[in-house]
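Please open the structure in your viewer and keep the selection tool at hand. The tour below goes from one set of side chains to the next, saying at each stop what to select and what is there.

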Amino acid sequence: ADKKVRIWNTDTSDCVELEGHEDQVNSVAYAPDGMTLVSASDDYTCRLWDVTNGTQLRIFRGATAEVCHVVSSPNDGTVFAAVGEDH
């Protein structure tokens, strides 16, 4: 795993790479506005990204093991839920 999230434009085939995770990325979820997404990783973090320019906006720590899946709230995208290997 190369620890990146890749976002492709289906019209142009351009690709934006989101780099910052320190281990494999397991899941991503777009916010309803399509401007941000959250990624979940084996590095025990979730990260919030601005997909328009590839900027990492915030790191969410607190998991005690790999984070396997993330979903964004269907309302305004200000809340997300993540599940992992925590015991």
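A salt bridge, as the term is used here, is a side-chain nitrogen of Lys or Arg within 4 Å of a carboxyl oxygen of Asp or Glu. Side chains of opposite charge can pair when their charged atoms come close. Before selecting anything, please note that this is a predicted model, in which local features need pLDDT of at least 70 and side-chain atom pairs count only at pLDDT 80 or more, while totals for chains, interfaces and linings use all residues. Residues are numbered from 1 along each chain as its sequence is written, and side-chain values use heavy atoms, with hydrogens and water left out.

How many salt bridges does the rule give? The count comes to 4.

Begin by selecting Asp2, Lys4, Arg6 and Glu17, which are linked in a network of salt bridges. Within this group, look at Lys4 and Glu17, whose salt bridge has its closest N and O atoms 3.2 Å apart. Lys4 belongs to strand S1 (residues 4-8) and Glu17 to strand S2 (residues 15-19), so this pair ties together parts that are 13 residues apart in sequence. Strands here are DSSP runs of E with at least two residues, and helices are runs of H or I with at least four, numbered from the N terminus.

Keep Glu17 selected and turn to Arg6, which also forms a salt bridge with Glu17, the closest N and O atoms again being 3.2 Å apart. Here too the pair links distant parts of the chain, with Arg6 in strand S1 and Glu17 in strand S2, 11 residues apart.

Lys4 is partly exposed at 26%, Glu17 is partly exposed at 33%, and Arg6 is partly exposed at 31%.

Next, select Asp43 and Arg47, which form a salt bridge with the closest N and O atoms 3.3 Å apart. Asp43 is buried, at 15% relative accessible area, and Arg47 is buried as well, at 4%.

Finally, select Phe60 and Phe80. Rings of Phe, Tyr and Trp (its six-membered ring) pair if their centres lie within 6.5 Å, and planes under 30 degrees apart count as stacked, over 60 as edge-to-face and the rest as tilted. The count by this rule is 1 aromatic pair. The ring centres of Phe60 and Phe80 are 5.0 Å apart and their planes stand at 75°, so the pair is edge-to-face. Phe60 lies in strand S6 (residues 55-60) and Phe80 in strand S8 (residues 80-84), 20 residues apart.

Notes: Buried < 20%, exposed > 50% of the residue type's maximum accessible area, 1.4 Å probe, protein only.
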